[in-house]
Each structure stands twice: as structure tokens, then as C-alpha cells.
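Me: Can we go through this one together, starting with how its pieces are named and then moving on to the sheet, the charged pairs and the core?

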Amino acid sequence: MRVLLLLFGLLSFHLFANECQMAFRHGILISPDQIRVMTADRTQFQINYDRQLFIQGQWITLSEADTEVVAQYSQGMRKFVPQVVGIAVDSVELGLSAIESMLIGVGNPTQQEEWKALVQETTYQLMSRFVRSGEHFYLAPQSLNEMDAFLHGELKENLTQLAKNTVGAVWGALRDALRQTDDNFERSESQDWQSVEQLIDKINLGLDAKADELEAQSALFCTRLLELDHIESQLQQRVPQLLQYDVVIAK
């Protein structure tokens with residue numbers, strides 16, 4: 001076992017010297033009692049209570065040794081998925097809450113509905129790959145590199161655009177209102193956007209901290225995926241029906 005762990009450690013170090021290539025080929029849905037491996041919202045196989053295996057809805061009879069490998073596989077999923085999903089969801093919520101707090105009590109009802117719709121649309125787009133609801137977690141098919149790219153690129157770009165379309169509109173509305181009440185009121189466009197940019201900078205600082213959190217644990221996450229891949233291979237040897245569902249892959 002020590003030799004195996006050392007091998008995983010060396011492999012993960014090598015992979016992260018060149019970026020970790022491990023990925024989930026299928027979506028993973030985890031609840032307190034179940035783990036579901038999914039493709040296009042359809043369950044391919046599931047594990048109940050870390051011991052029972054169902055493939056395409058059919059209960060698979062397992063030996064005691066088989067059950068032990070299923071338990072290792074299930075517990076490995078439970079160590080990885082909630083933690084990664086938590087980092088991603090916390091990042092999204094951090095940005096959205098900062099933007100929403102700037103929209104409270106401003107604008108007319110029509111504007112509020114427009115901004116609310118924009119926030120909801122952005123939330124749906126960002127949360128389609130990572131879902132956390134109580135003790136339920138969903139991770140869409142993706143690699144660790146893609147998760148990192150999401151935090152460093154896609155998420156920042158989406159939140160920046162949302163901030164400009166909502167908070168930027170708030171400053172525009174305030175500017176127009178003040179100009180109507182004070183003929184001497186003047187503010188340049190660059191000054192209007194400065195407050196939005198300050199908000200974006202604040203959001204990006206928080207996102208950078210979350211990205212650093214993911215990066216700091218990248219070697220650990222990669223090692224866990226390597227371990228899962230090894231356990232999955234053992235499980236596929238014991239239950240050949242699982243060979244068509246290669247969940248953990250090198251991408």
C-alpha cells in the first residue's frame with residue numbers, strides 16, 4: 001500500500017509539472033445515500049449506501065470482496081466531488097452576492113425585473129456545471145484543467161459583464177436622476193464606470209483567492225483522481241458490465 005501511495009504521489013507530481021490531465025467523463029450526482037453516474041441527465045449506474053450497485057436500473061449481485069471495492073470507489077467520489085463543487089459554487093455566489101447587494105433599493109420596478117432576470121440567467125449559465133443544494137452535489141463532465149480555466153477565465157468574464165449590465169445601469173440611472181435635479185451636476189463616463197470597475201476588482205480579488213485555493217490542492221485532487229481511476233479499473237475487472245462506463249479518464 002505504501003508503495004502504491006508513493007507511486008500515486010510521484011505520478012501526481014509529474015502530471016502537475018505538466019498540468020493534471022485527469023477528468024470525469026460523466027456527470028456525478030452525490031446525495032447522502034446515493035451516487036449516480038449520469039450522461040445527458042440519464043443515470044447509467046448508481047451506488048446506494050456505498051454498498052449496492054445498480055446498472056441501468058438492475059441490481060448487481062456482489063461478493064463481499066466486490067462490495068469492498070464498490071465502497072472504496074464510492075468513498076473516493078465522496079472525498080473529491082463535494083470539495084471541488086464547493087470551491088466553484090462559493091466562487092459564483094461570492095460574485096453574485098456582491099452584485100446583488102449593489103442593486104437593492106435602486107431603480108424602478110421594471111429595471112429591477114430586468115436586472116433580476118440578468119442575474120438569474122447568469123446564475124443558470126454558471127451553475128450548470130456545478131450544483132450544491134444542501135447535502136446534494138453535482139459535477140458535470142470536465143477535467144481539473146477546465147475547472148481551473150472556469151475560475152480564472154469564464155467566471156470572471158461572465159461576472160464582469162453582469163456587473164456592467166446591472167450595476168453600470170444603476171450608476172447611469174443615478175446620474176440621470178441627479179442631472180434632472182441639479183443642473184450643475186456633471187460626471188464623466190470614466191467616473192461613472194470607476195465604481196463598477198472597483199466592484200469588479202473586489203470580485204476578482206475574491207475569485208483569485210478561490211482559484212488559489214483550488215490550485216493549492218491541485219496535487220491532492222489529481223492524486224485522488226488517480227486513486228479513483230485505479231479503483232475503477234479494479235471494479236471493472238470484477239463487474240465487466242461497468243467497462244462501457246469509464247468515468248475517470250486521462251484527457
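Reply: A word on naming before anything else: helices, at least four residues long, and strands, at least two, are DSSP runs numbered from the N terminus. In that numbering I99 is found in helix α2, and please keep in mind that this is a predicted model.

Me: Is I99 buried or exposed?

Reply: I99 is buried, because its relative accessible area is 0% and buried means under 20%.

Me: And which residues is I99 in contact with, leaving aside its neighbours within four places in sequence?

Reply: With those neighbours left aside, I99 is in contact with L159, L162, A163, T166, V167, L199 and I203. As for I203, it lies 104 residues from I99 along the chain, and the C-alpha atoms of the two are separated by 8.8 Å.

Me: Switching to the sheet, what is the order of the strands?

Reply: The sheet is open and has seven strands in the order β6-β5-β4-β3-β2-β8-β7, with antiparallel pairing. Its edge strands are β6, residues 58-60, and β7, residues 130-133, each of which pairs on one side only. From one strand to the next the twist averages 20°.

Me: How many bridges pair β5 with β6?

Reply: Strand β5, residues 52-55, pairs with β6 in the antiparallel sense over three bridges, and I55 stands opposite Q58 in β6.

Me: Which strands does α2 lie across?

Reply: Helix α2, which spans residues 64-103, lies across β2 (27-30), β3 (34-39), β4 (42-48), β7 and β8 (136-139), and it runs at about 95° to β7.

Me: OK, charges next. How many salt bridges are there?

Reply: The count comes to eight salt bridges. One of them joins R238 and D66, with the closest N and O atoms 3.1 Å apart. That pair links distant parts of the chain, since R238 is in helix α6 (residues 218-238) and D66 is in helix α2, 172 residues apart.

Me: What does E93 form a salt bridge with?

Reply: E93 forms a salt bridge with R132, the closest N and O atoms being 3.3 Å apart. This pair, too, links distant parts of the chain, with E93 in helix α2 and R132 in strand β7, 39 residues apart. E93 is partly exposed, at a relative accessible area of 39%, and R132 is partly exposed as well, at 31%.

Me: Last topic, the largest nonpolar core: which residues have the most contacts inside it?

Reply: Those are F24 and F80, in a core of 64 residues, to which α2 gives the most, with 16 residues.

Me: What is F24 in contact with, apart from its neighbours within four places in sequence?

Reply: Apart from those neighbours, F24 is in contact with M77, F80, V81, L139, P141, Q142, L225, L228, V247 and V248.

Technical notes. Residues numbered from 1 in each chain as written. Predicted model: local features only at pLDDT ≥ 70, side-chain atom pairs only at ≥ 80, totals over all residues. Heavy atoms only, no water. Pairing = 2+ DSSP bridges. Axes fitted to C-alpha atoms, helices over the stretch in contact; angles between N-to-C directions. Contact = heavy atoms within 4.5 Å. Salt bridge = Lys/Arg side-chain N within 4 Å of Asp/Glu carboxyl O. Buried < 20%, exposed > 50% of the residue type's maximum accessible area, 1.4 Å probe, protein only. Core = buried A, V, L, I, M, F, W, Y, C linked by side-chain atoms within 4.5 Å.
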